[in-house]
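Student: Could we go through some helix packing together? I'd like to see how the labels follow from the numbers.

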Amino acid sequence: MHPEKVDTLVVGGGIGGLATALSLARAGRAVTVLERAAEFAEIGAGLQLGPNASRMLDQLGVLGELEKFAVFPGAIVMMDAMTGAKVGQLDLGAAFVARYGYRYAVMHRSDLLAILLAACQAEPRITLLTGKNLVSVEEESGTAGATCDDGTAYQADALIGADGLWSKVRTLFAPDEAPTCSKYVAYRGTVPVADMSAHSGDDNVMLWAGPEMHLVQYPVRRGELYNQVAVFRSRRYDPARQDWGNAEELEQRFAPCCTPVTQALDRIMRNQRWPLYDRAPIEQWHRGRIALTGDAAHPMLQYLAQGAAQALEDAVSLGTHLTTSSHPEQAFAAYQQERLLRTARVQLTAHLFGEICHVGGVGAALRNAFVASHGGNAKWEWVDWLYAEHSEFRDS
């Protein structure tokens, strides 16, 4: 079968892939998206979007749609999961918005995907294909090629791998590398807000931090649902088995926590667990006419809530550079130069924040004292580099 010739091929139809397609189409390129599943869908529940993510959604022209589904919390509140005491909070109100230009949003992952999907479906330059499981990708003379398990093949002027943590496109750059399991596992789910206790924290993002465990809570979908994520380090981790970090261990690890946490745990679904993986930063995201984006390029642990935000930043950057450069190779080189160090910093800082969040004993007491003594708006200095637009804050 002769390959179908396309302008730009995006492999992967998740949040990052659809945002990339939308960015490229708005920049004037014709884009074909290959999604492995039978339909475009997101697995998981809640999603946090800092001002840097909202800024990208604004540039993509979909921020207004986001506001129909999102909740805009007043603060991120850290609590001690063992004692129930409040440790401190990051205010997200009017002064925060004035500083960064955009609000902090929380929403259901599927709602964000639906917004991006609708925008892509309305864009005549975008072709969306499902049931396309990539089996090989190659770079040939002046083109990039991809073949799917149904026998279809594509030849593209530029190919972007947005195929996530287990990216097949990434194997071109690091063939022997595998994702690293953190030995932590997450249980996620949403419940009606009416089913939550008075300890749930209203519209705030609640982070209950404990030794090698934490619980995150916040409302989604216009405040109709309450999202909860319980995370813990498994003491039974075994890479050769699939039963580590099971529901029984979930109960055991959270049993010593304060009452609000144990009550919340009763409302977390046990039907699926998510082992938490990432990869170390790599030095090369592109080769010729092929490049990586999102989790395919820089998968990260969730402790800074930046996975989707960094994919959105990638998408806008790709649209800019493929518009301003005369060749894909030049565009991808400029894109990598712009994004490589920033995303590596986010990956490494996520690791650090996870360690701080999960410390126990004397370390937890020192953490709590430090957070409490750096209260209110003073904490913004720690997130300026992450949330601010290109300014004196960004690279500090």
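Predicted model: local features only at pLDDT ≥ 70, side-chain atom pairs only at ≥ 80, totals over all residues.

Student: Why are α1 and α5 called roughly parallel?

Tutor: Helix α1 (residues 15-26) and helix α5 (residues 109-121) pack at an angle of about 30 degrees, with axes 9 Å apart. Angles under 35 degrees count as roughly parallel, so α1 and α5 get that label. Their crossing is left-handed.

Student: Which residues of α1 and α5 make the contact?

Tutor: On α1 they are I15, L18, A19, A21, L22 and R26, and on α5 they are R109, L112, L113, L116, L117, A119 and C120. Sorted by class, that contact has eleven nonpolar, no polar and two charged residues.

Student: What makes α8 and α9 roughly antiparallel?

Tutor: Helix α8 (residues 307-324) meets helix α9 (residues 328-357) at about 155 degrees, again with axes 9 Å apart. The cut-off is over 145 degrees, so this pair counts as roughly antiparallel. Here the crossing is right-handed. The residues in contact include Q310, E313 and D314 of α8 and E338, R339 and R342 of α9. By class there are eight nonpolar, four polar and five charged residues.

Student: Which residues touch the most other members of the largest nonpolar core?

Tutor: Out of 67 residues, those are L49, L57, L66, L112, L116 and L159. Leaving aside neighbours within four places in sequence, L57 is in contact with L49, V62, L63, L66, L112, L116 and L312. Another core, of 30 residues, lies apart from the largest one, and V71, A305, W385 and A388 are among its members.

How values were computed: Residues numbered from 1 in each chain as written. Heavy atoms only, no water. Axes fitted to C-alpha atoms, helices over the stretch in contact; angles between N-to-C directions. Helix = DSSP H or I, 4+ residues; strand = E, 2+ residues; numbered from the N terminus. Parallel < 35°, antiparallel > 145°, perpendicular 65-115°, else oblique. Left-handed = near helix turned anticlockwise from the far one by under 90°. Contact = heavy atoms within 4.5 Å. Nonpolar A, V, L, I, M, F, W, Y, C, P; charged D, E, K, R; others polar. Core = buried A, V, L, I, M, F, W, Y, C linked by side-chain atoms within 4.5 Å. Buried < 20%, exposed > 50% of the residue type's maximum accessible area, 1.4 Å probe, protein only.
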